[in-house]
Amino acid sequence: MKVTFRIRFSTKPGQILRILGSIPALGGNQPDQSIRMRYMNDRYWTLDIHLPEVECKTGSLLSYRYILEQEGADWVEEWDAGRCIEPGSIGREEILIRTIS
């Protein structure tokens, strides 16, 4: 299953958005293993991942959160428990997750 994360978030030069999640493809909840998102334009960042079949079973939850990396400074993580989806319950081969921040 292909999952596309797309977030509307304006960044400044030297800032990078990353995503961290509960599965190995998203860093396994280890901030130093978080995945750098791709800059699209001055408002959007994106990341495509392919989930293994085991992660797509109904009842399997994928939690994730965004991280703002600032060159030469500490990273800023979303402070709540993050976001969560259940890929297996959606019933599609491709999922687009859009976030407006």
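Buried means under 20% relative accessible area, exposed over 50% and partly exposed in between, with a 1.4 Å probe and protein chains only. By that rule Tyr66 is buried, at 5% relative accessibility. The model is predicted: local features need pLDDT of at least 70, side-chain atom pairs count only at pLDDT 80 or more, and totals for chains, interfaces and linings use all residues. Residues are numbered from 1 along each chain as its sequence is written, and side-chain values use heavy atoms, with hydrogens and water left out.

**Sheet**
- Strands are DSSP runs of E, at least two residues, numbered from the N terminus.
- Two strands pair if DSSP finds at least two bridges between them.
- An open sheet of 4 strands runs in the order β4-β5-β1-β9, with mixed pairing.
- Its edges are β4 (38–39) and β9 (94–100), each pairing on one side only.
- β1 (residues 2–8) pairs with β9 in the parallel sense, over 7 bridges.
- Arg6 has Arg98 in β9 as its bridge partner.

**Aromatic pairs**
- Rings of Phe, Tyr and Trp (its six-membered ring) pair if their centres lie within 6.5 Å; planes under 30 degrees apart are stacked, over 60 edge-to-face, the rest tilted.
- The whole structure holds 3 aromatic pairs.
- Tyr39 and Trp45 are edge-to-face, 5.3 Å centre to centre and 75 degrees between the planes.
- Tyr39 is partly exposed at 44%, whereas Trp45 is buried at 4%.
- Tyr64 and Tyr66 are edge-to-face because their planes stand at 90 degrees, with centres 5.9 Å apart.
- Tyr64 is buried, at 5% relative accessibility.
- Phe5, Tyr64 and Tyr66 form a cluster through ring pairs.
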